[in-house]
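Dear colleague,

Please find below the structure that I am handing over to you. My findings on its aromatic pairs and nonpolar cores follow it.

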Amino acid sequence: MATVVNKTAHPFDKTRLDATLNRRFFYAPAFEIYGGVAGLYDYGPPGSALQANIIDLWRKHFIIEEGMLELDTTIITPSAVFETSGHVARFADWMVKDTKTGDVLRADHLVKNVLEARLAGDREARGLEAAPPTEDKKRKKKNAKAAAVKLDDGVVKEYESILAQLDNYGGPELGELCRKYNLRNPDTDNEVGEPQQFNLMFQSSIGPTGQHKGYLRPETAQGHFLNFNRLLEYNNGRVPFASAQIGRSFRNEISPRAGLLRVREFTMAEIEHYVDPEDKRHPRFNEVRNLSIVLLDRHVQESGSSQTTTITVGEAVDKGIIANETLGYFVARIYLFLINIGINPRRLRFRQHMANEMAHYATDCWDAEIHNTTGWTECVGCADRAAYDLTVHSNKTGQPLVVRQALKEPIVTEKEVPEWNKKNLGKLFKKDSAVIQQAVESLDEAGLLKLKGELAQGSTTVKSEDGKEFTLTPEVVTIERKTFKQSIREFTPNVIEPSFGLGRILYTLLEHSFWSREQDVDRGVLSLPPLVAPTKVLIVPLSAREEFDPLVQEISAKLRKAGVFSRVDDSNTSIGKRYARNDELGTPFGLTIDFASVQNRTVTLRERDTTDQRIGSIDEVVATVTDLVFGNVDWAEACRRLPAYDGVQAVD
């Protein structure tokens, strides 16, 4: 019987987690010996392995299971691409400057941090909770502003309403909030200026002359869209299909102060699912229809509330809360992926974008937000981009980015069509001929019928875009009703885009997994699921004596052959300390080799969270731990397979 573990004996301590992650080199500030650069981090061995394992599961969960087409496109992108996509004009955040020091802050973060601090002070004054602990000098300044001051009930409601719909405010509204509520720079207590837009893309140049302007991509999406025709051909001209890409993106964040949650260089995993705009059903939707998720829709937020609703995906789609089946399907698949890698489902919600915060390309968007010590953080976006991207790139380049679909039954239509006498048109109007043709051919059916009636009376007048008028007669143009037979349907597909920020997911997973032993708060544990843990198995010989080497090598080889990553710790430290420091690394299983192992070919298997130990032959234990690592069995089943270890082995 597996031991029950109390993981909440001690309150979560972010300072302790950060110290552990730094000491064990999960990640660290880049260029640290040069003083570092805000928003840039290097991953160490455990952080790199954790990210690689998350990516591996992501590829299996989405690319392999959904049959997606994988891409790897360039980071440096010509300016024309982002001018067309709208990023040059609109990919920006609002910033404010300290009026005395010139320090730059992101406007919405300033409003959020100051109002939340005031609400925390109000709760403390009412005796509802203690003030949060300070972490550094800057944090102390901010907490000093949040002294225990009771607010009027009406002010509390105002603040809560503002925070609930904060993402819906633009620059002018944020500036008004700063003035109305006297929101100052928490570090200096100075006033801030009016919000200004700051484009988040890193500008670069291509080639030695500097004439070809470019940018580091802020997302991988444009690489998908520009290769659409090739992808469509690869997929035999059929939709729906999806492309997927994992790669680096760059955003010149205004004030990155939240570790991995807000960085300037990061890894993204993005999917572009192309679908018929007239049929956004998904063939596998029924597999997720009954999955319950927590939603925060736009109407609730716009009313000033943050009240969530637990609802099945099917009901959310049926009621129109989630726009369509394909969007709902991917929301569900995102949920399942996050839970599978170890995110706490009680700290996961999907928040719908409000009108003002919606990206310029989106018609509907839901963020998977994960709760952590900074609040709710967007870690995955799932947007219906409609046909925006393919349409703007097609219009700019003249290259049709469309699907041509053979119809089972041809569509027969009749419509009015202008018939030109090109010889008379050119003779009478010369260089204006093209302008006249464009003016007539841009008319709708009603306009052409009106023109037809006027021509039957002898003449008609048309006006060009610049206001110039031309008189036309039947000798130049006639309007004829013709029958058309359409065997091919041509359309621009819509795009559903799930977009994952892997660094944010990695950090929130670390927060959700960290706890301290009930008996000793200094013994931290990372309860990472075996599938994502950096090291799966720790091999612990009793000492560094040579007689243990053959068994260490044999077990290591068997685990390698099974595809299980293991490490050996044969240091002089006690076995307990060796296990404790690997608990901090999230290593889920340990194999102890002692003198009985040499004589009896038995080893003990230790489980990280419970510290329970089981014993068995080398082959039995290797087979069991392999099944545990790949999720084929759980620890309870392992306990049924292997007897408990009582701490004593017979040795002659």
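How many aromatic pairs does the count come to? Rings of Phe, Tyr and Trp (its six-membered ring) are paired if their centres lie within 6.5 Å, with planes under 30 degrees apart called stacked, over 60 edge-to-face and the rest tilted. By this rule the count is 17 aromatic pairs.

This is a predicted model, in which local features need pLDDT of at least 70 and side-chain atom pairs count only at pLDDT 80 or more, while totals for chains, interfaces and linings use all residues. Residues are numbered from 1 along each chain as its sequence is written, and side-chain values use heavy atoms, with hydrogens and water left out.

One of the pairs joins Phe241 and Tyr274; the ring centres are 4.9 Å apart and the planes stand at 35°, so the pair is tilted. Phe241 belongs to strand β10 (residues 241–250) and Tyr274 to strand β11 (residues 265–275), so the pair ties together parts that are 33 residues apart in sequence. Strands (E, at least two residues) and helices (H or I, at least four) are DSSP runs, numbered from the N terminus. Phe241 counts as buried at 5% relative accessibility, and Tyr274 is buried at 0%. Here buried means under 20% relative accessible area, exposed over 50%, and partly exposed in between (1.4 Å probe, protein chains only).

Phe589 and Trp635 form a stacked pair, 6.4 Å centre to centre with 25° between the planes. This pair links strand β26 (residues 589–593), which holds Phe589, to helix α23 (residues 635–641), which holds Trp635, across 46 residues. Phe589 is buried at 6%, as is Trp635 at 10%.

Ring pairs also link Trp58, Phe62, Phe337 and Phe500 into a cluster. The charged end of Arg333 sits over the ring of Phe62, 5.8 Å from its centre; this requires CZ of Arg or NZ of Lys within 6 Å of the ring centre and within 35 degrees of the ring normal.

Turning to the cores, a nonpolar core is a set of buried Ala, Val, Leu, Ile, Met, Phe, Trp, Tyr and Cys residues joined through side-chain atoms within 4.5 Å. The largest has 63 residues, and those with the most contacts inside it include Trp58, Phe337, Leu338 and Phe500. Helix α13 (residues 325–341) provides its largest share, ten residues. Another core, of 24 residues, lies apart from it and has Ile539, Ile593, Ile618 and Leu628 among its members.

Yours sincerely
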